[in-house]
Amino acid sequence: MQINIGRNSNKLISIGILIIYLIISCKPSTRIPSNVLGINKMKKILWDMVQVDQFTIQYISRDSSKNSKQETAILYQKVLSLHQITSNEFKHSLYYYIKHPFQQKILLDSLSQYATRMKTKNYRFENMEKLKN
């Protein structure tokens, strides 16, 4: 008895190779291109921009003599200058993270942890200052 599996086995092998290729190619890359700001730097910039937003909400928007959008834009530019990057570098990196959800999740998780550390650090500092007085 002879079984003819020539054509079917070739199809199965081809389908198997295709599935393996798709699985490997769909695996998210953890490498960030050199022209994109790294997660560590990007999280610090985003943290400072969140601080600008909070400052704007709490102080600038309440001052009717100031244009909130204009003041916020000025403060954003100061943040970028502080981190020694241009607006185009920031936008390019931001768009990269928006288009790459896996990397974006890592960035946002890192930002969340950084925010927690900064709040704890500031809270401790404020409490120490109160104790000194």
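1. In this predicted model, the axes of helix 2 and helix 4 come within 12 Å and cross at roughly 105°, where axes are lines fitted to C-alpha atoms, for helices over the stretch in contact, and angles run from 0 to 180 degrees between N-to-C directions. Helix 2 is therefore roughly perpendicular to helix 4, a label given to angles of 65 to 115 degrees, while those under 35 count as roughly parallel, those over 145 as roughly antiparallel and the rest as oblique. On the side of helix 2 the contact is made by Ile-39, Met-42, Ile-45, Leu-46 and Met-49, and on the side of helix 4 by Phe-90, Ser-93, Leu-94 and Tyr-97, with contact meaning heavy atoms within 4.5 Å. By class, this contact of helix 2 with helix 4 has 8 nonpolar, 1 polar and no charged residues; Ala, Val, Leu, Ile, Met, Phe, Trp, Tyr, Cys and Pro count as nonpolar, Asp, Glu, Lys and Arg as charged, and the others, Gly among them, as polar.

2. On conventions, residues are numbered from 1 along each chain as its sequence is written, and side-chain values use heavy atoms, with hydrogens and water left out. As the model is predicted, local features need pLDDT of at least 70 and side-chain atom pairs count only at pLDDT 80 or more, whereas totals for chains, interfaces and linings use all residues.

3. The protein has 5 helices and 0 strands, and its pattern along the sequence reads α-α-α-α-α; helices (H or I, at least four residues) and strands (E, at least two) are DSSP runs, numbered from the N terminus. Of the contacts between residues at least 6 apart in sequence, 74% join residues at least 24 apart.

4. The largest nonpolar core has 20 residues, and those with the most contacts inside it are Met-42, Ile-45, Phe-90 and Tyr-97. Such a core is a set of buried Ala, Val, Leu, Ile, Met, Phe, Trp, Tyr and Cys residues joined through side-chain atoms within 4.5 Å, and buried means under 20% relative accessible area, exposed over 50% and partly exposed in between (1.4 Å probe, protein chains only). Helix 2, helix 3, helix 4 and helix 5 (101-132) each supply at least two residues of this core, the largest share, 7 residues, coming from helix 2. Leaving aside residues up to four places away in sequence, Phe-90 touches Leu-37, Met-42, Ile-45, Leu-46, Met-49, Leu-80 and Ile-85. Across the protein, buried residues make up 21% of the 133 residues.

5. Arg-31 lies in the loop between helix 1 (6-26) and helix 2 (39-58), and it counts as exposed because its relative accessibility is 67%.

6. Lys-78 lies in helix 3 and is exposed, its relative accessible area being 54%.
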